[in-house]
Structure formats: structure tokens, C-alpha cells
Amino acid sequence: MDLKQRADSVLSGAVARGAVPGVVAMATNREGTLYEGAFGERLLGGGVPMSLDTVGWIASMTKALTSVAAVQQVERGRLDLDAPASAVVPAIAEIQVLTGFDAAGQPQLRPPRRPITLRHLLTHSSGLSYEIWNPDMQKAQAALGIPSVTECRNKALTLPMVADPGERWEYGIGIDWAGKMVEAVTGKPLGEAMTETLLGPLGMRDTAFRIRPDMRERLAGVHLRGPDGVLAPFPFEIPQEPEFEMGGGGLYGTVGDYLRFVRMILNGGQLDGERVLRPETVASLGLNHMGNCRVSELVAAMPLTNNAEFFPGVPKSWSLAFQINHAATFTGRPAGGLMWAGLANSYYWIDPASGVGGVYMTQIFPFADTGSVPTYYAFETAVYDSLR
């Protein structure tokens, strides 16, 4: 069975049994697209089919793009990976480490033992967290009147740290601060800076923080899987007039656009004659930049997510943009693969060793959905099976 038959069967079968409402998935090698398919509906009951150009909220898949935009500024000498980030964004120096709560529920704080650097931010080792996976952050938000980062208000970035910088992997708002650093050194909003140096050169015309009218015409709706396992539409949208453009998760885009980013990484920083990163920088994006820290399970602290970890039992670290698996996975991906995901169950992987990668998008809460994750794994497996 060839890749088209394998992948079509995986994706159409998932729609048919109600595992996902609609899905778009594509795979690539260094030369071009290996597979593309779209199945199901953009919104359950809406009667509009998913298509290859369907737009979705790519959520934390934004992080790799923001990270690369920051690394581009490192290449240009405007940012330094290991200098205090406060030299560029002074407000980050005001953030302290949470040590507990007093009897009145107020956070108890102390200064960090060392300053946060851009390297800390990009590797999720800054000590900054998310309330969705950390109950203490929910308490701090309530006590200090701090909104969720998905509201795209600047005060959301004042959450305290839960550890000293460099001491452990803690998934959180660090990439949003990295986006602020890009804005500071370019003098432009993040989306504009990113379009100029990355999205534009790569031809990613349908990726943006603000949903253009032509993008909205192709926008997939978000769904929520209830306790009974049934999916239903769930109205959700990132603010379209934000105080800041959320580098950690604010982008909307298409699978085809993101596949171009994947192919650029596979090609050492260039695509179709446009170079956006130096080859040595791309090589560095495949290396561990967090020392002895390792990626750990994300434990759900609210209903928008399940417990989440990709390939439990496989040791994983973080580069300046991606999670790295340090052993082979059951899908067929060898050690040294790169990946991450978005909260509404979109996923991607990049395999420099095999020269392949893929992008998969559904629009479902909770994260690590019981129907979508197995479908993504099966899609990735189908790609590797086709290479044998």
C-alpha cells in the first residue's frame, strides 16, 4: 500500500468513526510534498468540507516560528542568547520566583538566583509557566489579577516564575517574552517582523496573528470533546485586537504554509532560493540547548487539556525551537527528530536524519485529545512505513 492509500485510510477512518471532526495532514521531504489530504468538516454539522487550504488556530506551533524569528536576530547580532533578557526587555527583571502563598492567599516571592536569558526563554527553562498545567499559577492569577495569556494582554506576562532560570523544563510563557525581544530590537510588531524575515520569504501567505477576511472564509471551527466522548462546536478565537501579538500561540495558518517551514528546516535554512537561516544555525536547532534538563509530562490543571507527553519513556530535550527525541519512537522516527504541537490538537515533526517531516491539524479541545493523538501517530507511522 502506498503512502496516499495508507494516509487516506488513517485520516478518513478517523473522521468516519468520530475520532476527529475534520483533519488536514501533509508530509514532505527535502524536494517537495509527499502527501496531502483533507477529510471531514470544518465545523461539525456545518456541511462545509475540510480542504487543503483550510485555516486553523495553530496555537503553540507558533512557538517554533517565533523562536526562529528570535534566532534570526541572534544571527544579525541584535540579540544575545546568554545576556540578561532584561537588557532588551527591562520589565522581565521585575519577575520573581514564587515560593508559596501566605495565609491570605497572597503569593510569596523572592528574587531569582540568576537573570533570565533568551536561551532560557527559548528552551522553556526560564522558570516561567502556564496556568493550564500549573495550579499555583491559577492561584497567582486570582490573587494578583493576572489574565490568561490567551487574552493577549500585557499583564498576562507578569506571572511569577516557579523555578530559577536554568534549573528545569517548565512549559510556559517564555516564548511570548522572546517575541517581545524581537519587537524591541526590530521596532516592529511581532507579526510584521516575522513576515519580513520569515513568513514572507518562505511564501507563508496564509499565516498571521490577525485573521484576514479571505482567511476567515476558510476558517475551521474549534470543537470540544465532552465527558461522554462526543464532539461539539466550541466557539473560541484569539483576540483580533490584542495588546500584544502572542508569540507563544497566537498564529492562525494553513497546514500547507507550515509544511513550507518544515521543508526549510530540512533544507538547512533555505527554500526555493530564499535563505532565512544559516546552515550552522539550523544544525544548532537540532541540538539540546537545555543541558541536563529534560522534557517531562504536562499534567492537566484545567479541562482544556489532558495529561500530555509525546512518546513517554523516550528521553526528550529542547533545542532553541523544538522538542528533540533522543531515542527512536514507535512511529518509525529515529533519534534526533524534532517536533511540537498546538493546543487545539495540531502537530508537526521534522526528521533531519530521514529527510522527512509532516504537519497535521484538527481543531479540538482538550489538548492531547484521545481521538486526535492516535490519529496523528498513525499518520506519522504511515509516512515512515512508506519509506521502507
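# Close-up views of a predicted model

View 1. Seven strands form an open sheet in the order β2-β1-β15-β14-β13-β12-β11, with antiparallel pairing. At its edges stand β2 and β11 (316-318), each of which pairs on one side only, and from one strand to the next the twist averages 15°. Helices (H or I, at least four residues) and strands (E, at least two) are DSSP runs numbered from the N terminus, and two strands pair if DSSP finds at least two bridges between them. The model is predicted, so local features need pLDDT of at least 70 and side-chain atom pairs count only at pLDDT 80 or more, whereas totals for chains, interfaces and linings use all residues. Residues are numbered from 1 along each chain as its sequence is written, and side-chain values use heavy atoms, with hydrogens and water left out.

View 2. Eight of the eight residues of strand β1 (residues 22-29) are buried, so β1 is largely enclosed by the rest of the structure; here buried means under 20% relative accessible area, exposed means over 50%, and partly exposed lies in between (1.4 Å probe, protein chains only). G22, V24, M26 and T28 point one way from β1, while V23, A25, A27 and N29 point the other way. Strand β1 runs antiparallel to strand β2 (residues 33-40), to which seven bridges join it, and a hairpin connects β1 to β2 through three residues. One of the bridge partners in β2 is E36, which pairs with M26. Six bridges join β1 to strand β15 (residues 356-361), again in an antiparallel arrangement, and in β15 V24 stands opposite M361, while A27 has G358 as its bridge partner. Helix α8 (residues 255-266) lies across β1, β2, β14 (346-351) and β15, running at about 25° to β1, where axes are lines fitted to C-alpha atoms, for helices over the stretch in contact, and angles run from 0 to 180 degrees between N-to-C directions.

**View 3. D369 and its surroundings.** D369 lies in the loop between β16 and α10, and at 1% relative accessibility D369 counts as buried. The side chains of R225 and D369 meet in a salt bridge, with N and O 2.6 Å apart; a salt bridge is a side-chain nitrogen of Lys or Arg within 4 Å of a carboxyl oxygen of Asp or Glu. Because R225 belongs to strand β6 (residues 223-225) and D369 to the loop between β16 (364-365) and α10, the pair ties together parts that are 144 residues apart in sequence. R225 is also buried, at 14% relative accessibility. A polar atom of the D369 side chain lies 2.9 Å from the backbone nitrogen of S372. Leaving aside residues up to four places away in sequence, D369 touches A19, R225, N306, N345, Y347, I364 and P374, contact meaning heavy atoms within 4.5 Å.

**View 4. Two further salt bridges.** The structure holds 22 salt bridges. In one of them the side chains of D385 and R6 meet at 3.6 Å, N to O, and this pair links distant parts of the chain, with D385 in helix α10 (residues 372-387) and R6 in helix α1 (residues 3-16), 379 residues apart. D385 counts as partly exposed at 25% relative accessibility, and R6 is partly exposed with a relative accessible area of 25%. E245 forms a salt bridge with R210, the closest N and O atoms being 2.3 Å apart. E245 lies in the loop between β7 (231-233) and β8 (252-254) and R210 in the loop between α6 (190-199) and α7 (213-216), so the pair ties together parts that are 35 residues apart in sequence. E245 is buried, with a relative accessible area of 12%, whereas R210 is partly exposed at 35%.

**View 5. Two aromatic pairs.** A search of the whole structure finds 32 aromatic pairs, in which rings of Phe, Tyr and Trp (its six-membered ring) have centres within 6.5 Å, planes under 30 degrees apart counting as stacked, over 60 as edge-to-face and the rest as tilted. The ring centres of Y171 and W340 are 5.2 Å apart and their planes stand at 65°, so this pair is edge-to-face. Y171 is buried at 4% relative accessibility, and W340 is buried at 4%. The rings of Y347 and Y376 have centres 5.0 Å apart and planes at 25°, so they are stacked, and they link strand β14 with helix α10 across 29 residues.

Conventions:
A polar contact is a pair of N or O atoms within 3.5 Å; within protein, one must be able to donate a hydrogen and the other to accept it, and residues adjacent in sequence count only if both atoms are side-chain atoms.
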